[in-house]
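This report concerns charged side chains and their pairing. Please consult the sequence and the structure shown below while reading.

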Amino acid sequence: MSEGSGSGTAFETARGRNYPALRQFTVFLENRVGQLLEVVKRFEGTGIRICALSINDAAECAFVRFLVSDADRGREILERSGLAIIETDLVGIELPEGPQPLLRVCTALLQAELNIVQAYPLFVRPHGKPAVAIMVENIEFAMKTLQEKGFQMITEGDLSDDPIGDA
């Protein structure tokens, strides 16, 4: 097999920066003062931004869910810190113009009989428009449905491309 300068093969990873789903990390924290700050500080000086955040508080622990601007590096940071994490795919959707954009998203998913499990807004504004991250029962079907209805999907690459000044 020849490996000359003209025989380069373009290899692609299974997930790239423009994969149509966003990766959410769920971290389990003790329900004590300062625990969230400790997680957020792990990203200080890395160039990675937290792009969305959701906290579900329980009696003894809290479930912190977030999206970061670089999911692969973010996972490495969390794993090195020894935190228990779960990684989940979410659909990122740019909200359309109009008086009730979330109503349009919910209606499209309801028509496809897809339940929304969780949802929260993004801190960043990819393409200068508001966006939301949604967990659904069937992510592939949800993305297909929303794209067919004309919604713009947000990719992992969109999270890293957003200038900090627009956040």
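Lys-144 is partly exposed, with a relative accessible area of 48%, where partly exposed lies between buried (under 20%) and exposed (over 50%), computed with a 1.4 Å probe on protein chains only. Its partner in a salt bridge is Glu-148; the term denotes a side-chain nitrogen of Lys or Arg within 4 Å of a carboxyl oxygen of Asp or Glu. Glu-148 is exposed, at 58%. Because Glu-148 and Lys-144 are 4 residues apart in helix α4 (residues 139–148), about one helical turn separates them; helices (H or I, at least four residues) and strands (E, at least two) are DSSP runs, numbered from the N terminus.

The model is predicted: local features need pLDDT of at least 70 and side-chain atom pairs pLDDT 80 or more, while totals for chains, interfaces and linings use all residues. Residues are numbered from 1 along each chain as its sequence is written, and side-chain values use heavy atoms, leaving out hydrogens and water.

The whole structure holds 9 salt bridges, including these:

| Salt bridge | Closest N to O |
|---|---|
| Glu-148 and Lys-144 | 3.3 Å |
| Arg-73 and Asp-70 | 3.7 Å |

Arg-75 and Asp-72 stand 3 residues apart in helix α2 (residues 71–80), about one helical turn. Asp-72 is partly exposed, at 32% relative accessible area.
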